[in-house]
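Morning, everyone. One model today, and a quick walk through it. Have a look first.

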Amino acid sequence: MKRPGVKRKLAELPGRMLLAALFGLALTQAPAFVALAQGAPQAKSQAQLPAQSPAGSLAEAYRIIASKQFVDLTHSFSPLTPVWKGFGPATFSAGADPATGRPYTIGKDGFRVFFYSMVGQYGTHIDPPAHFDLNGQTMDQIPVKQMILPLVVFDMTPMLKTDPNHALSVEDIKAWEHQHGRVPAGSFAALRTDMYKDWTADPQRFKRAPFPAWSLAAIKFLYEQRGIVANGHEAMDTDTTPDMKSETWLLKHGHWQIEVMANLDKVPATGALIVVSWPKPKHGLGFPARAFAILP
Ligand SMILES: [Zn+2]
């Protein structure tokens, strides 16, 4: 909740100036730094990235990243989106004052909030190891460094023409490597099936079973032989079969995954980065996540 006021705006100034000053330093723009630190009129203009910045600097990395195309890999979710019948739909209601039960409104209170009620595994979401493993890592324990990773995409759509519920095999991965090179250690491996297109167009079809997914052998191969950090897919589950063998194996071996991803058809097989983040409920067992790709 925010109530903008003069006091608050003044309180924010030093922080903003500090940030601007740090930014100025990073860009080795000494005159700009002095101007920002003094609160001169220039402080109001947006910091400009120079055409040249020191190689290996964050400023250089940001200049490169900002010039790239980004692809959102996340579905919007609502009470109407597909969910496993064992969980049931979300509800979004107007957040209310617990003392009176009266919902907050912009007209009366100057602000409004939603009260969300849903299972953690809703929409595009993270499954941390603890989802299946009593002693597994919870969401808050996964290192933030794992939230930005090289992204590889296995496009299974050609195989689905003859085998609509194909399970990606080790042979499929080796054929992919023949074309694209070895799956890099430390990467995020995503499975493209295009079933994300049914999410809004045909939610009933989206929830179909069986559906195309991973084989257990492929999941084991990627984690054990290639050293991937995480995997992701468009379906609500990891396996083509109801036994959940692949999902159980990966979560019980300390790995995490993103389910119900979108737009993997807009990302190349290699060369992109994925950024994926989620809220930090203490000992959280799953939550809607936000994932996007930065294209090469
Ligand atoms: Zn899940």
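One term before we start: two residues are in contact if their C-beta atoms, placed from the backbone, lie within 7 Å. Keep in mind that this is a predicted model.

Start with L168. Leaving aside neighbours within four places in sequence, L168 contacts F154, M156, I173, L191, W214, S215 and A218. L168 also belongs to the largest nonpolar core, which has 49 residues. There, L168 is among the six that touch the most other members; the others are L151, F154, A189, A190 and M261. As background, nonpolar side chains tend to be buried together in soluble globular proteins.

Now the whole chain. It has 296 residues, and 30% count as buried. I count ten helices and 13 strands. Take the contacts with a separation of 6 or more: 70% of them link residues 24 or more positions apart.

On to the sheet. Nine strands make an open sheet with mixed pairing. The order is β1-β13-β11-β5-β7-β9-β10-β4-β12. Which strands stand at the edges? β1, residues 70-72, and β12, residues 287-288. Each has a single partner strand, so one side of each is left without a neighbour in the sheet.

Zoom in on β5, residues 148-155. Four bridges join β5 to β11, residues 272-277, and the two run antiparallel. I148 stands opposite V275 in β11.

Last stop, P150, also in β5. Beyond four places in sequence, P150 contacts P184, G186, S187 and L273. P150 and S187 sit 37 residues apart in sequence, yet 4.7 Å apart, C-alpha to C-alpha.

Note on methods:
Residues are numbered from 1 along each chain as its sequence is written. This is a predicted model: local features need pLDDT of at least 70, side-chain atom pairs count only at pLDDT 80 or more; totals for chains, interfaces and linings use all residues. A nonpolar core is a set of buried Ala, Val, Leu, Ile, Met, Phe, Trp, Tyr and Cys residues joined through C-beta atoms within 7 Å. A residue is buried if 20 or more other C-beta atoms lie within 10 Å of its own, exposed if 12 or fewer, and partly exposed in between; C-beta atoms are placed from the backbone. Two strands pair if DSSP finds at least two bridges between them.
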